[in-house]
Amino acid sequence: MKIIALLTDFGTEDNFIGVMKGVILKINPEVTIVDITHQIGAHKVKKAAFLLYSSFSYFPKGTIFLVVVDPGVGSKRKALAVKTRNYYFIGPDNGVLFPSLEADGGGEVVEIMNKKYLLNPISSTFHGRDVFAPIAAYLSKGIKLEKLGRRIVDIKELDLPQAKIRKNTLIGEIIYIDSFGNLVTNIDRVTLEKFTKNRNFVAFLNKKKITRLCDSYLQEKKKPFFIEGGFFKLEISLKMKSARNYFKAKEGQKIVIKRK
Amino acid sequence: MKIIALLTDFGTEDNFIGVMKGVILKINPEVTIVDITHQIGAHKVKKAAFLLYSSFSYFPKGTIFLVVVDPGVGSKRKALAVKTRNYYFIGPDNGVLFPSLEADGGGEVVEIMNKKYLLNPISSTFHGRDVFAPIAAYLSKGIKLEKLGRRIVDIKELDLPQAKIRKNTLIGEIIYIDSFGNLVTNIDRVTLEKFTKNRNFVAFLNKKKITRLCDSYLQEKKKPFFIEGGFFKLEISLKMKSARNYFKAKEGQKIVIKRK
Amino acid sequence: MKIIALLTDFGTEDNFIGVMKGVILKINPEVTIVDITHQIGAHKVKKAAFLLYSSFSYFPKGTIFLVVVDPGVGSKRKALAVKTRNYYFIGPDNGVLFPSLEADGGGEVVEIMNKKYLLNPISSTFHGRDVFAPIAAYLSKGIKLEKLGRRIVDIKELDLPQAKIRKNTLIGEIIYIDSFGNLVTNIDRVTLEKFTKNRNFVAFLNKKKITRLCDSYLQEKKKPFFIEGGFFKLEISLKMKSARNYFKAKEGQKIVIKRK
């Protein structure tokens, strides 16, 4: 049983996702389709790249990831189909696939060109339906990657930001805020512990402080704290409350940590 | 593999859609269920009719469309099951199916009456679960349409609004606004081009102007423009921004186009 | 075909639900996954308990309910897998499963402990992915309940509030507000009719009145009314409008009914 997993910025209010699924099932009625999410916010390529990177390895080998976050739709940007060590990835050449391709390794990249495997006509604005969905469906039926277009080597790169140590300071960034309001950083627990060497620390975000690392949401009742979350990164959380609201935090903001 | 595609105004916050799927799978565990959308807004029959009409042909032949936008639930309005040339459509007799039935043609219409194929008891308020879902499931198992009730001929009509030329003016309407804020009109690209005959034009919406037809979202950086969108109708868009917000536009508003 | 039905408070904006489905399909690619809802609001255990209780019996025998509303994740609260007369239920031991277990009867309860059937590593914050999803998948493959951990007897109880008659007053409560704004009470139609004995009544909610019981949304055009809804409980509704907004109502508020 082949699986196609969808990640887009299309939201769920329109008929866009439903129609893409119709296109897929018309080509391969036996495939299983899974939604990763469609609600990352319009045009957020970097956020989609992070979510894809954080999701793909949980899926069965051979899963086809269909990713449409595509502000350049209808322009000259390439449409890609990629086979990595364990998976297939389909999406626009704007970096959204890049961190996942690097992480899984062994990428064989094709620029989608063969109109035989696309809808006809192709609209200027909805390549999710007209280009990417049929390609995913044909791959799920066993069509070889090389039949879809021409092999290319250079694709757009996009690197997720890394935490750094500068002198006596550990500098990280909020790379994602989940819908509970937890602030996912790019700092590993191990990195923090190496940096603090079991001494106290103080982290600053929007002039507010975090001074504690907890093992569960229930350890600290009032103050914000770090906790290693489901992304296996440190998250800033507040018991039963939204850290986003408490800190008025936004994705991309810096976190500065000092030893006490 | 049979497919049932759902389009409702139930939203995704309640358990309504989940329960309908349970009912379907209890009758036919082998069917594939696809959501078109459930977030069109309560009681918006015309909007649902447009989305169904714009979606159905992308699905495999034989797909059963289960449409529940039903402000008259529990009143005397009929419940319909329809076989068209290529599909099945199930829903209330309030016009929501009408444009799709006309477009696919060859409709054989049954008023759902046979209690053998419905849940027992039938609530006054949730025919999606008690009437429409089991009917869809039984159709997907191959039960013949004529077993579900009695054949009828007259059903409620609903016509999607058409663009018109009046003297020197092309008059269209916003028939849908997508979640990116693009304003989908009922004007075809061909209609506009025939009307303008390659001369300049100016379109008015809420006292603001559109003067350009683009081929991609990236052609025009600052001003609003027309583009042929995924519905193969002209849409009013703004690069990386919401045209809905820019124009303070609402569905149903008129667009007036004049030659310069 | 085995079915796993998901009910969580994770929302649909993050990749959490998608990743849980990936985990499930990696273990059992043949299972059918259905969403009941993920949008009940963070940490609302009682609301989730009500929705699960109102949903489960519509699903096919043997369905596995995977319920993750889990403010105590990472603490000492137990993780449960339960086999009832007709179904399986998986979730945290915080009462969320309790009303459904009581209603279906015959529960055999296991505290999930066997790491062989869990992901490795297990995060502190996302047991939906690391504990509950793999357990559901293994159950769907036919692994016996007793292999998952040790049998226990005592679990956390949670009782849904019951309507009561006190002297000349029937006292109920809003137990759920749906996304149309209908106020679902815990009062049965039969209870109200026994109480009123066909005489007039007046119900009070936030100093506003309800005096009528209707059979359809279309019977009463202007005033709020009771109607027996899809939960087979009385709901307070307004034709084509939100009773939530009209009454400024909240879940948990009391409704007091007197005979006139």
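These legends describe close-up views of a predicted model. In this predicted model, local features need pLDDT of at least 70, side-chain atom pairs count only at pLDDT 80 or more, and totals for chains, interfaces and linings use all residues; side-chain values use heavy atoms, with hydrogens and water left out. Residues are numbered from 1 along each chain as its sequence is written, while chains are lettered from A and ligands numbered from 1 in the order in which they are written.

**View 1. Helix H1 of chain B.**
This view shows H1(B), residues 16–27. Helices (H or I, at least four residues) and strands (E, at least two) are DSSP runs, numbered from the N terminus. The expected span of a helix is 1.5 Å times one less than its number of residues. Buried means under 20% relative accessible area, exposed over 50%, and partly exposed in between (1.4 Å probe, protein chains only). The buried residues include B:Phe16, B:Ile17, B:Val19 and B:Met20. B:Lys21 is also among them.

**View 2. Helix H2 of chain B.**
H2(B) covers residues 45–55. Nine of its eleven residues are buried, so this helix too is largely enclosed by the rest of the structure. Among the buried residues are B:Val45, B:Phe50, B:Leu51 and B:Leu52. B:Lys47, B:Ser54 and B:Ser55 are also buried.

**View 3. Where chain B meets chain A.**
Here 32 residues of chain B are in contact with 30 residues of chain A. Contact means heavy atoms within 4.5 Å. The size of an interface is often given as the accessible area lost when the parts come together. Between chain B and chain A the buried area is about 2,600 Å², and carbon and sulfur atoms give 61% of it. Buried area is the accessible area (1.4 Å probe) that two parts lose on being put together, summed over both. How many salt bridges are there between chain B and chain A? The count is zero. A salt bridge is a side-chain nitrogen of Lys or Arg within 4 Å of a carboxyl oxygen of Asp or Glu. There are 13 residue pairs in polar contact, both residues at pLDDT 80 or more. On the side of chain B that touches chain A, two or more residues each come from strand E2 (32–37), helix H2 (45–55), strand E9 (169–177) and strand E14 (225–228) of chain B. E2(B) has the largest share, five residues. By class, this side has 18 nonpolar, ten polar and four charged residues. A polar contact is a pair of N or O atoms within 3.5 Å; within protein, one must be able to donate a hydrogen and the other to accept it, and residues adjacent in sequence count only if both atoms are side-chain atoms. Ala, Val, Leu, Ile, Met, Phe, Trp, Tyr, Cys and Pro count as nonpolar, Asp, Glu, Lys and Arg as charged, and the others, Gly among them, as polar.

**View 4. Where chain C meets chain B.**
In this interface, 32 residues of chain C are in contact with 30 residues of chain B. The buried area is about 2,600 Å², with 61% from carbon and sulfur atoms. No salt bridges are counted between chain C and chain B. The rule finds 13 residue pairs in polar contact across this interface. Strand E2 (32–37), helix H2 (45–55), strand E9 (169–177) and strand E14 (225–228) of chain C each supply at least two residues of the side that touches chain B. E2(C) gives the most, with five residues.

**View 5. A salt bridge between two strands of chain B.**
The side chains of B:Arg150 and B:Glu111 meet in a salt bridge (2.9 Å, N to O). The pair links distant parts of the chain: B:Arg150 lies in strand E7 (residues 149–152) and B:Glu111 in strand E6 (residues 108–112), 39 residues apart. B:Arg150 is partly exposed at 44% relative accessibility. B:Glu111 is buried at 11%.

**View 6. Salt bridges in chain C.**
C:Glu193 pairs with C:Arg189 in a salt bridge, the closest N and O atoms being 3.0 Å apart. Both lie in helix H5 (residues 189–196) of chain C, four residues apart, about one turn of the helix. C:Glu193 is partly exposed, at 37%. C:Arg189 is partly exposed as well, at 22%. Another salt bridge joins C:Arg212 and C:Glu220, with closest N and O atoms 2.8 Å apart. C:Arg212 is partly exposed at 33%, whereas C:Glu220 is buried at 13%.
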